[in-house]
Amino acid sequence: MSDENKIDIKYLQALVLQESENDSIQELDSDFYNSISKFIGNLNSLEYEGVEAKIKKTLVDMVTELTTFLLKMRLEKASLDNSSSPILLDVEKYILNSQREMEERKEIILSRILSGKSKLLEPNDE
């Protein structure tokens with residue numbers, strides 16, 4: 001899938017459909033999000049006028065919506081499973097790790113508040 005020519009609406013729609021129909025996270029090419037980014041970048045670099053410009057904008061919007069939906073769905077599945085599945089891509093793991101760190105920090109602060117500790121705003125060991 002590293003070939004950017006495989007990125008098109010039908011392909012993305014099929015991926016989103018496949019992901020939505022399965023409870024488990026589906027395997028994606030490790031360069032998937034990079035390919036999407038390059039595809040959108042290439043589209044945005046093209047100059048069109050009139051109807052062709054509207055078609056290009058619609059295509060970019062559709063790719064954006066499908067990619068956003070796919071990413072959200074995959075992250076939600078991973079969060080519900082509370083897993084760091086090896087199928088997740090590095091970008092997805094990065095997002096999930098930051099969410100986990102935020103949850104841990106929230107729990108620490110909440111714990112300090114509820115235990116009556118007054119030094120809430122002092123720097124924490126990181």
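## Thr67 and its surroundings

The side chain of Thr67 reaches the backbone oxygen of Val63 at 2.8 Å. This is a predicted model, in which local features need pLDDT of at least 70 and side-chain atom pairs count only at pLDDT 80 or more, while totals for chains, interfaces and linings use all residues. Residues are numbered from 1 along each chain as its sequence is written, and side-chain values use heavy atoms, with hydrogens and water left out.

Thr67 lies in helix α3, residues 50-81. Thr67 is buried, with a relative accessible area of 12% (buried means under 20%, exposed over 50%, and partly exposed in between, with a 1.4 Å probe and protein chains only). Leaving aside residues up to four places away in sequence, Thr67 touches Leu12, Tyr33 and Ile36 (contact means heavy atoms within 4.5 Å).

## Overall architecture

The protein has 4 helices and 0 strands, in the pattern α-α-α-α along the sequence. Helices (H or I, at least four residues) and strands (E, at least two) are DSSP runs, numbered from the N terminus. Buried residues make up 26% of the 126 residues.

Helix α4 covers residues 90-114, and at 1.5 Å a residue its 25 residues should span 36 Å; its end C-alpha atoms are 36 Å apart, which agrees. The expected span is 1.5 Å times one less than the number of residues. After α4 comes Gly116, whose phi is positive, near 80°.

## Nonpolar cores

The largest nonpolar core has 18 residues, of which Leu12, Phe32, Ile36 and Val63 touch the most other members. Helices α1 (9-21), α2 (32-45) and α3 each supply at least two residues of this core, and α2 gives the most, with 6 residues. A second, separate core of 5 residues includes Leu75, Ala78, Leu88 and Leu96. A nonpolar core is a set of buried Ala, Val, Leu, Ile, Met, Phe, Trp, Tyr and Cys residues joined through side-chain atoms within 4.5 Å.

## Salt bridges

The whole structure holds 5 salt bridges (a side-chain nitrogen of Lys or Arg within 4 Å of a carboxyl oxygen of Asp or Glu). One of them joins Arg74 to Glu19, with the closest N and O atoms 3.1 Å apart. Arg74 lies in helix α3 and Glu19 in helix α1, so the pair ties together parts that are 55 residues apart in sequence. Arg74 is buried at 0% relative accessibility, and Glu19 is buried at 1%.

Lys77 also forms a salt bridge with Glu19, at 2.8 Å between the closest N and O atoms. Glu19, Arg74, Lys77 and Glu92 are linked in a network of salt bridges.

Note on methods
Polar contact = N/O pair within 3.5 Å; in protein donor to acceptor, adjacent residues only side chain to side chain.
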